[in-house]
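Good morning, and thank you for coming. Please look at the structure on the screen while I speak.

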Amino acid sequence: MVRMPGPYVIRGSVSLPEAELVWRFSRSSGPGGQHVNTSDSQVELRFDLANTSSLPEVWKQRALERLAPKLIGGVIAVRASEHRSQWRNREMAATRLASLLAEATAPPPKPRRATRIPRGINERRLRQKKARSETKRGRSGRDW
């Protein structure tokens, strides 16, 4: 078996463990000539997110919540069939899975602090509106 050029780093020192990845290959659809009819170039990569021990518990819970619509029984599946080569599709699927998990395990953004608009900015905006209104009113022919 040929090894992948991993490890695929999620964030920091955490990476996708090769032992927990399940690969499945099938024939890819679309153009490609006679070769595409005989080669299994489409790749489906599965990762059991619910039962993994490679992610910190906090990250795992965060990912399970954020990826809930994409999970089937706690397993996340990623497909790749863009390339004609199975090897490149494998790389693409693993990279896609790593980036998906990196995004899902990212800490939540800091809450926005409410700020007030300075009074000067508001007054300037109202003055400009009034001046524009006067300009437009001066164009009407009521004063003739």
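I shall go from the overall layout to the strands, then to one helix, and finally to the core.

The model before you is predicted. Its mean pLDDT is 83, and 88% of the residues reach 70 or more. Among the elements, helix α3, residues 119-139, has the highest mean pLDDT, at 95, while strand β2, residues 14-15, has the lowest, at 76.

How many helices and strands does the protein have? There are 3 helices and 5 strands, and from the N terminus their order is β-β-β-β-α-β-α-α. Of the 144 residues, 28% are buried. If we take the contacts with a separation of 6 or more, 64% of them link residues 24 or more positions apart.

Let us turn to the strands. Strand β4 runs antiparallel to β3, and 6 bridges join the two. Within this pairing, Trp 23 has Leu 45 of β4 as its bridge partner. Strand β4 also pairs with β5, again in the antiparallel sense and over 6 bridges; here Val 43 is partnered by Ala 80 of β5. Because 5 of its 7 residues are buried, β4 is largely enclosed by the rest of the structure.

Next, consider helix α1, residues 57-66. Which of its residues are buried? They are Trp 59, Lys 60, Arg 62 and Ala 63. These residues lie on the same side of α1, because they cover an arc of only 165° around the axis. The general principle is that an α-helix has 3.6 residues a turn, so residues three or four places apart point the same way. On the other side of α1, Val 58 and Glu 65 are exposed. The cover over the buried residues of α1 includes β1, β2 and α2.

Finally, we come to the core. The largest nonpolar core has 25 residues, and those with the most contacts inside it are Ile 10, Leu 16, Phe 47, Leu 49, Leu 97 and Leu 101. Two or more residues come from each of β3, β4, α1, β5 and α2. Helix α2 gives the most, with 7 residues. Take Leu 101 as an example: beyond its neighbours within four places in sequence, Leu 101 is in contact with Ile 10, Leu 16, Phe 47, Leu 49 and Leu 67. In soluble globular proteins, nonpolar side chains tend to be buried together.

Thank you for your attention.

Technical notes. Residues are numbered from 1 along each chain as its sequence is written. This is a predicted model: local features need pLDDT of at least 70, side-chain atom pairs count only at pLDDT 80 or more; totals for chains, interfaces and linings use all residues. Side-chain values use heavy atoms; hydrogens and water are left out. pLDDT is the predictor's confidence in each residue, from 0 to 100. Helices (H or I, at least four residues) and strands (E, at least two) are DSSP runs, numbered from the N terminus. Buried means under 20% relative accessible area, exposed over 50%, partly exposed in between (1.4 Å probe, protein chains only). Contact means heavy atoms within 4.5 Å. The arc is that of the directions from the helix axis to the C-beta atoms. A nonpolar core is a set of buried Ala, Val, Leu, Ile, Met, Phe, Trp, Tyr and Cys residues joined through side-chain atoms within 4.5 Å. Two strands pair if DSSP finds at least two bridges between them.
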